[in-house]
Every structure is written in structure tokens, then in C-alpha cells.
Amino acid sequence: MSNRTLAIIKPDAIQNRLTGKIIDHILDNGFDIIAMKKIHLSVAEAKEFYAIHKEKPFYSDLVSFMTSGPCVVLTLQKEEAVEAWRNTIGATDPAEASPGTIRNLYADTVQNNAVHGSDSDENAIKEIAFFFSINEILMN
Ligand code: CMP
């Protein structure tokens, strides 16, 4: 079981000035932030990152949303990080997210859902490598 996962604070949360609150939530839940940066995804990058969804009806709106403003991407470390982070953010649709989860507290819609989390250890490794080079990740 891997101890790392990728998190993204999405453009809606940045626009709503929630970055600090979400980073506090991450730290309060015992995650170590071992890499973090603010970026503005290009259309090509967003298409590639979400390629797994390219046949879905929401793909083109998702790419537009994810390129509508900056994101903060983070590598989080904690025991069983993928599952721990998914529990911390709650269900994809904020209407179904448990009370106290990030999406319950801060997200608006199933698309504009404030944060991303990797869905498996295998994808976490790929997603971290998508955004960070080895020398951008703390090795302690
Ligand atoms: P994320 O966890 O980043 O993974 C894929 C994203 O697609 C998801 O968060 C949402 O932003 C978006 N998404 C998933 N399902 C839907 C849907 N039914 N309608 C619109 N957007 C969706």
C-alpha cells in the first residue's frame, strides 16, 4: 500500500479563496505536504490528465473548467494515503459527500467539486509524476 497521493485544489476553490482553508484541512487530517505548486493547466494538459474520461459526456466541460483558472497541485504523504485522502474529500458529488468532508464543506457541483484525489495507488504514482519531477518532491 502506497503512502502517497495526488491532490488538486481546483479552479472553483481557488476562485472562492478557499486555498488556505483546504490546506489547513489537509494538515489537520495528518497529511504531510511533500510537494506543492500553483499552476494553470493548458487545454492539452487537462485533456491528457483526464484522458480516462474522454468518452464521458462531461469531458469537454471538465477540460474547460480545469483550464478556467489556476489550480494548486500537491503530493500528500500519510499511511494508506489514497484511501485516507478520498475519505477526507468525500464523494465526487458534493450533495452525497459526508458531513465535514472537503466537498461537503466547500464544493458546489459534481463538476466544480473543489478538489481531486487519486483513485488507486497505481494512478497516484502516474498522477504525481504527471505534475512533479523527482527533485520537486521532498525525500524524507
Ligand atoms: P475528479 O475527482 O477530479 O475526477 C474526474 C472529475 O470529473 C470529477 O472530479 C469531477 O470534477 C468531474 N465529474 C465527474 N462526474 C461528473 C459528472 N457526472 N458530471 C460532470 N462532471 C463530473
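**Pocket, sheet and an aromatic pair**

Colleague: Which element gives the largest share of the lining of the largest pocket?

Modeller: Helix H7 does, with four residues of that lining, and please keep in mind that we are looking at a predicted model.

Colleague: OK, and which elements each supply at least two residues of the lining?

Modeller: Helix H3 (43-49), helix H5 (81-89), E4 and H7 each supply at least two.

Colleague: How much space lies in the pocket, and which residues lie nearest its centre?

Modeller: The pocket holds about 650 Å³ of space, and of the 22 residues that line it, Tyr50, Ile52, His53, Leu62 and His116 lie nearest the centre.

Colleague: How do the lining residues divide into nonpolar, polar and charged?

Modeller: Eight of the residues in the lining are nonpolar, while seven are polar and seven are charged.

Colleague: Back to H7, then: which strands does H7 lie across?

Modeller: Helix H7, residues 121-131, lies across E1, E2, E3 and E4, and runs at about 55° to E1.

Colleague: What order do the strands have in the sheet?

Modeller: The order is E2-E3-E1-E4, in an open sheet of four strands with antiparallel pairing. Strand E2 (32-39) and strand E4 (115-117) stand at the edges with a single partner strand each, so one side of each is left without a neighbour in the sheet. On average, neighbouring strands are turned by 20° against each other, direction ignored.

Colleague: How many bridges join E1 to E3?

Modeller: Six bridges join E1 (residues 4-9) to E3 (residues 71-77), the two strands running antiparallel, and arginine 4 stands opposite glutamine 77 in E3.

Colleague: Changing topic, how many aromatic pairs does the structure hold?

Modeller: There are five aromatic pairs, among them phenylalanine 31 with tryptophan 85, an edge-to-face pair at 5.6 Å centre to centre with 85° between the planes.

Colleague: Which parts does that pair tie together?

Modeller: Phenylalanine 31 lies in the loop between helix H2 (19-28) and E2, and tryptophan 85 lies in helix H5, so the pair ties together parts that are 54 residues apart in sequence.

Technical notes
Residues numbered from 1 in each chain as written. Predicted model: local features only at pLDDT ≥ 70, side-chain atom pairs only at ≥ 80, totals over all residues. Heavy atoms only, no water. Pairing = 2+ DSSP bridges. Axes fitted to C-alpha atoms, helices over the stretch in contact; angles between N-to-C directions. Contact = heavy atoms within 4.5 Å. 1 Å grid on protein atoms, 1.4 Å probe; cavity = no way out; pocket = protein on both sides within 12 Å on 5 of 7 lines; lining within 4 Å. Points joined across faces, edges and corners; volume = space filled by probe spheres on them. Nonpolar A, V, L, I, M, F, W, Y, C, P; charged D, E, K, R; others polar. Phe/Tyr/Trp six-rings, centres within 6.5 Å; stacked < 30°, edge-to-face > 60°.
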